[in-house]
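Biologist: I'm new to reading protein models. Could we walk through one together?

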Amino acid sequence: MQRLTFNNTILNCLRSIFFVGLWLLPVAGAVAQDDQAQSDEEVPHFMTMYDDPYDIRNLYLHFQPFFGEVGALNVVGGLGIEGNYYHKNLFNVWLAFRTSYGKRFDINRDAAYRNATNSNNFPLYMNVELGGTYHFRDEMKESTSKVLLYSKNLKGNDWAATLARDAVIPGKVRNVIGIRLGGIFHNSVVNINNVLAAQGKELSYSDGTPVINENMYSNMNVFIIFAGASYSWIRNFAVEFSERWDPSGDDQILTPFFDLMFAPAITLADVQLPSETVSAASIDKMAFGFRGGVAGKFNRKLSWGYTAEMGLRPGLKKSGFYLMFKMSFPLWAKKLKVGAVVTEEESE
């Protein structure tokens with residue numbers, strides 16, 4: 001009973017953090033920054049200090065102190081690291097790794113160590129992803145952005161009594177239509193009984209006798225190839241106001257994406273029971289899946305970022321659905337000198 005209560009507590013916490021994270025994503029504000037945006041108040045006088053969405057940092061290193069994954073197969077919380085590199089206006093690549101904090105934040109692994117009647121190994125949850133995006137179309141357009149009007153001179157009660165304002169600033173936005181391709185290695189402990197119940201199946205001993213056991217766990221390894229598309233909005237401008245407001249700007253890189261997924265290799269370990277090793281071959285696999293999500297970060301030396309995604313991960317049938325959210329902080333960025341960027345206008 002204590003284990004069940006603890007597992008339910010972790011599940012509820014991860015769900016709450018995931019959905020709170022989704023609410024905190026500034027996606028709605030970014031999508032609203034289009035050419036038709038209007039301001040209810042007059043825009044203060046300002047001077048543009050710079051506005052060049054091609055002049056961004058091209059190396060980003062993420063430390064991800066938290067990720068949460070809630071799925072039909074498992075519930076996990078942990079940490080990760082990630083790196084992104086942008087090569088001019090041609091392509092960008094990324095390498096990401098995440099794992100659980102430990103047994104107590106990997107529901108199936110914790111349950112397996114506590115209750116499993118089989119003697120399989122139950123390794124750490126792991127997800128490694130290597131991918132790239134070819135910039136099929138990379139162009140710059142005129143646009144607008146909303147920036148917050150703020151002054152460091154407004155403190156305490158003065159700031160509390162001030163109605164927060166924003167201003168719609170004209171500027172440039174870089175639109176990138178991308179073609180994505182990459183690979184994922186995914187490893188997770190599996191509750192065999194839950195999977196069998198979902199599929200309406202059972203395991204059998206070598207003599208054909210059904211296996212009657214309520215606490216069987218195994219380990220699944222999946223290698224996934226994904227291909228898809230993305231659309232990025234990149235802004236990189238700063239303005240200085242002639243009035244009391246502090247300098248402001250917008251330097252967000254926002255990327256919604258969608259991928260189709262195929263698993264050429266799915267390995268589910270046989271169940272090692274005391275009497276014999278029982279084959280798990282009768283459990284149905286699922287080679288195809290998909291995912292969609294959004295990733296965001298900021299073009300600053302030290303900042304933060306986020307990724308939220310959901311989909312149907314290849315693996316075991318009726319156990320592929322998942323939701324995942326990860327937060328990057330700190331996110332360190334650096335500009336590497338790799339030659340001048342040639343924009344669409346310059347190439348013409």
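Biologist: With how many bridges do S10 and strand S14 pair?

Modeller: First, this is a predicted model, where local features need pLDDT of at least 70, side-chain atom pairs count only at pLDDT 80 or more, and totals for chains, interfaces and linings use all residues. Residues are numbered from 1 along each chain as its sequence is written, and side-chain values use heavy atoms, with hydrogens and water left out. Strands (E, at least two residues) and helices (H or I, at least four) are DSSP runs numbered from the N terminus, and two strands pair if DSSP finds at least two bridges between them. S10 and S14 (residues 288-298) run antiparallel, and their bridges number 11.

Biologist: Which residue is the bridge partner of aspartate 259 in S14?

Modeller: S10 also pairs with S7, antiparallel, over 12 bridges. There, aspartate 259 of S10 stands opposite glycine 228. Over in S14, the partner of aspartate 259 is arginine 291.

Biologist: Which residues have the most contacts inside the largest nonpolar core?

Modeller: A nonpolar core is a set of buried Ala, Val, Leu, Ile, Met, Phe, Trp, Tyr and Cys residues joined through side-chain atoms within 4.5 Å; buried means under 20% relative accessible area (1.4 Å probe, protein chains only). The largest one here has 24 residues, with S6 (165-191), H5 (192-199), S7 (217-234) and S10 (252-268) each supplying at least two. Top for contacts inside this core are Ile192, Leu203 and Ile283.

Biologist: And what is the volume of the largest cavity?

Modeller: On a 1 Å grid over the protein atoms alone, a cavity is a set of points where a 1.4 Å probe fits but cannot get out, and lining residues have an atom within 4 Å of a point. Points are joined across faces, edges and corners, and a volume is the space filled by probe spheres set on them. The largest cavity is lined by 30 residues, Glu82 and Trp94 being among those nearest its centre. Its volume is about 440 Å³.

Key: Buried means under 20% relative accessible area, exposed over 50%, partly exposed in between (1.4 Å probe, protein chains only). On a 1 Å grid over the protein atoms alone, a cavity is a set of points where a 1.4 Å probe fits but cannot get out, and a pocket is an open set with protein on both sides within 12 Å along at least five of seven lines; lining residues have an atom within 4 Å of a point.
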